[in-house]
Amino acid sequence: MSFKIAIIGRPNVGKSTLFNRLVGQKLALVDDLPGVTRDRREGEARLGDLDFTIIDTAGLDEGAKGSLTARMQEQTEAAIAQADALFFVIDARMGLTPNDRAFADFARKANKPVMLVANKSEGKHGDAGAMEAFALGLGDPIQISAEHGEGLGELYDALRELMPEPVEEDEVEDDEPLTEEEAATRPIRVAIVGRPNAGKSTMINHLLGEERLLTSPEAGTTRDSIAVEINWKGREFRVFDTAGLRRRSRIEEKLEKLSVADALRAVRFAEVVVMMMDAQNRFEEQDLRIADLIEREGRAVVLAVNKWDLMESKGGGAISNLRRDADHLLPQIKGVPIVAVSGLMGEGIDRLMQAIQDAYALWNRRVSTAALNRWFEEAVQANPPPAVSGRRLKLNYITQTKARPPSFVLFCSRADAVPQSYLRYLTNSLREAFELPGTPVRITLREKANPFAHKRKRPS
């Protein structure tokens, strides 16, 4: 089991910057505004030859019981209970504050090994604050600069003494691609996206069976894209909760821009994206924009209509209306799975998880070249391509180049002259013939090489 370290301290001392430095990526959002981090985030860290799990936490702060601040502190307490050791971070430039002293007692009561980290110690200005840190009684402060990477050698030495000796394992070279069996058992990467306050975090908490992610009636509670591991009926999923996506014209604060960029990155790295809508305000313009973005990124799509428990009419007619609206407003992913759910009450969860697995299977589907060209001949005979500028377009054959999403190359003459309307006809026909509802389908046009192009014309 991996050695776990939780980074704790008051807000704005550089905990997320240290987290990013140790994991080697800018995973956690960083801003000068205090209290950016809310949910706890885990990452695989490496310092020299030491491998461990690092947990970024919200800044320790006092808040009224039940408030968002108090629940952020509960998330931090959960991280401390989960950790094997703690990095207690202070701001060396600012020196000790009353909150530092109070939370040093809190860290001491956790009964875990504590390493006192004096961050922002670059230059001479951090020396005085680092010296003050001796008064906390947590041992010698380790002076570092997480932003500039200074002092990590001293941090390594302290951590090396604390961590257990690594277990020797035989090195096995594994450069072979995954087999179908391995691919079928590896976790499916799922991003849950939507407008603010659509109920994304509530849904994931119900899947986990615990209050792992902060939820609030206030829109914009989630900031970082947080990944959680879920086992659903024996199938592994890695699910990313993301910040709500508003229209670009309404995004003014730098922090929200960072949150949106983090959510879009989660979409690009996902395999299946669940686009969550509010049942009482579904298929708004921003919902359609988000669904179109997912299709353009080539991810498998599932539409989840949340808060279905608040709807007065829930019969088959209401579901049929959802299906009709989805096909009409999102023709580029016609037939996309659409599931009515309630993240709060747990309604429709089984259907949603099954829809994710079905969408993932379609996204990975390959079609044999023989079957593909039989369909192609029939499609062209039923609706021949139009003549352009008085010249007939010749379509030769089609082949699938890759899955994830299903992508095809159509060889033809004058690729730039094929109308987009005819390409849409072929895409929809292919999707219907090979039962690929809702999954993005890519058809690329390529001109077939002319075998006589290299020969010169004979002189007349």
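**Aromatic cluster**

I started with the rings, and found that Trp 375, Phe 376 and Phe 434 form one aromatic cluster. A reminder to myself: this is a predicted model, and I read each value below as computed from it.

How many aromatic pairs does the count come to? I got 4 aromatic pairs. One of them joins Trp 375 and Phe 376, with ring centres 6.2 Å apart and planes at 50°. Planes under 30 degrees apart count as stacked and over 60 as edge-to-face, so I wrote this pair down as tilted.

**Tyr 397 and Phe 411**

I then turned to the rings of Tyr 397 and Phe 411. Their centres lie 4.7 Å apart and their planes meet at 25°. That angle is under 30 degrees, so the pair is stacked.

Where do the two partners sit? Tyr 397 belongs to strand E13 (residues 395-402), while Phe 411 belongs to strand E14. The pair therefore ties together parts that are 14 residues apart in sequence.

Tyr 397 is partly exposed, at 34% relative accessibility. Phe 411 has a relative accessible area of 13%, which is under the 20% cut-off, so Phe 411 counts as buried.

**Ser 407**

Staying with strand E14, I looked up Ser 407, which is placed in that strand (residues 407-412). Ser 407 is at 8% relative accessibility, so I listed Ser 407 as buried.

Which residues does Ser 407 touch, leaving out those up to four places away in sequence? My list reads Thr 399, Gln 400, Thr 401, Lys 402 and Arg 442.

**Helices H7 and H11**

My last stop was a pair of helices. Helix H7 (residues 200-208) packs with helix H11 (residues 349-363) at an angle of about 95°, and their axes are 12 Å apart. Angles of 65 to 115 degrees count as roughly perpendicular, so that is how I describe H7 relative to H11.

I also noted who makes the contact. From H7 come Met 203, His 206 and Leu 207, and from H11 come Ile 349, Leu 352 and Met 353. Sorted by class, the contact has 5 nonpolar residues, 1 polar residue and no charged residues.

Key: Residues are numbered from 1 along each chain as its sequence is written. This is a predicted model: local features need pLDDT of at least 70, side-chain atom pairs count only at pLDDT 80 or more; totals for chains, interfaces and linings use all residues. Side-chain values use heavy atoms; hydrogens and water are left out. Helices (H or I, at least four residues) and strands (E, at least two) are DSSP runs, numbered from the N terminus. Buried means under 20% relative accessible area, exposed over 50%, partly exposed in between (1.4 Å probe, protein chains only). Contact means heavy atoms within 4.5 Å. Axes are lines fitted to C-alpha atoms, for helices over the stretch in contact, and angles run from 0 to 180 degrees between N-to-C directions. Angles under 35 degrees count as roughly parallel, over 145 as roughly antiparallel, 65 to 115 as roughly perpendicular and the rest as oblique. Ala, Val, Leu, Ile, Met, Phe, Trp, Tyr, Cys and Pro count as nonpolar, Asp, Glu, Lys and Arg as charged, and the others, Gly among them, as polar. Rings of Phe, Tyr and Trp (its six-membered ring) pair if their centres lie within 6.5 Å; planes under 30 degrees apart count as stacked, over 60 as edge-to-face and the rest as tilted.
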